[in-house]
Amino acid sequence: MSPTADRVEIAELVARLARALDQRRFDDLRSIYTPDAQTSSPRGELRGIDEIVEGIRRTSPADEGIQHFNTDVVVDLDLKRDQAEVSTHQLVYFFRPGEAPYRTAGVQAGYTAIRTPEGWRFTHARIVPVWQQVTG
């Protein structure tokens with residue numbers, strides 16, 4: 001695979017993660033993270049894909065929608081180690097279905113990705129809120 005194709009696949013992984021969260025398809029996270037992945041976010045520290053899936057499911061209120069917009073995705077490849085460091089800025093909207101957002105947040109996200117036999121997967125995620133605006 002070429003470095004450009006690797007970068008595209010990894011950037012798509014960022015998009016697939018956002019879509020899985022936004023569409024509440026939490027089991028899709030199993031094809032985005034490695035089995036031993038770790039995450040660090042306002043949800044806490046989660047270790048292992050089972051804990052990640054259940055932790056996100058548990059802390060995602062059924063009556064709350066979210067929508068992620070990723071920008072400035074930067075993929076720093078280390079092809080000798082089949083690894084990449086990924087950074088992105090996110091704009092996240094929180095809303096009740098059919099209503100305007102009641103909270104907006106700016107987030108910095110960082111991921112470590114590795115090449116696996118199934119393709120690129122995240123082994124670590126660091127989600128850091130930068131700001132938020134609550135409107136009602």
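Colleague: Which residues do ring pairs link into a cluster?

Modeller: Ring pairs link Tyr-33, Tyr-111 and Phe-122 into a cluster. Before going on, note that this is a predicted model, in which local features need pLDDT of at least 70 and side-chain atom pairs count only at pLDDT 80 or more, while totals for chains, interfaces and linings use all residues. Residues are numbered from 1 along each chain as its sequence is written, and side-chain values use heavy atoms, with hydrogens and water left out.

Rings of Phe, Tyr and Trp (its six-membered ring) pair if their centres lie within 6.5 Å; planes under 30 degrees apart count as stacked, over 60 as edge-to-face and the rest as tilted. By this rule there are three aromatic pairs. Strands here are DSSP runs of E with at least two residues, numbered from the N terminus.

For accessibility, buried means under 20% relative accessible area, exposed over 50%, and partly exposed in between (1.4 Å probe, protein chains only). Phe-69 is partly exposed at 41%, and Tyr-93 is partly exposed at 25%.

Strand 4 also holds Gln-90, which is buried at 10% relative accessibility. The side chains of Gln-90 and Asn-70 are joined by a polar contact of 3.1 Å. A polar contact is a pair of N or O atoms within 3.5 Å; within protein, one must be able to donate a hydrogen and the other to accept it, and residues adjacent in sequence count only if both atoms are side-chain atoms.

A charge is also placed against a ring: Arg-103 lies over the face of Phe-94, at 3.8 Å from the ring centre. The rule for this asks that NZ of Lys or CZ of Arg be within 6 Å of the ring centre and within 35 degrees of the ring normal.

Lastly, Thr-116 lies in strand 5 (residues 103-116) and is buried, with 15% relative accessibility. Thr-116 touches Thr-34 and Arg-121, not counting residues up to four places away in sequence. From C-alpha to C-alpha, Thr-116 and Thr-34 are 8.5 Å apart in space and 82 residues apart in sequence.

Definitions and conventions. Helix = DSSP H or I, 4+ residues; strand = E, 2+ residues; numbered from the N terminus. Contact = heavy atoms within 4.5 Å.
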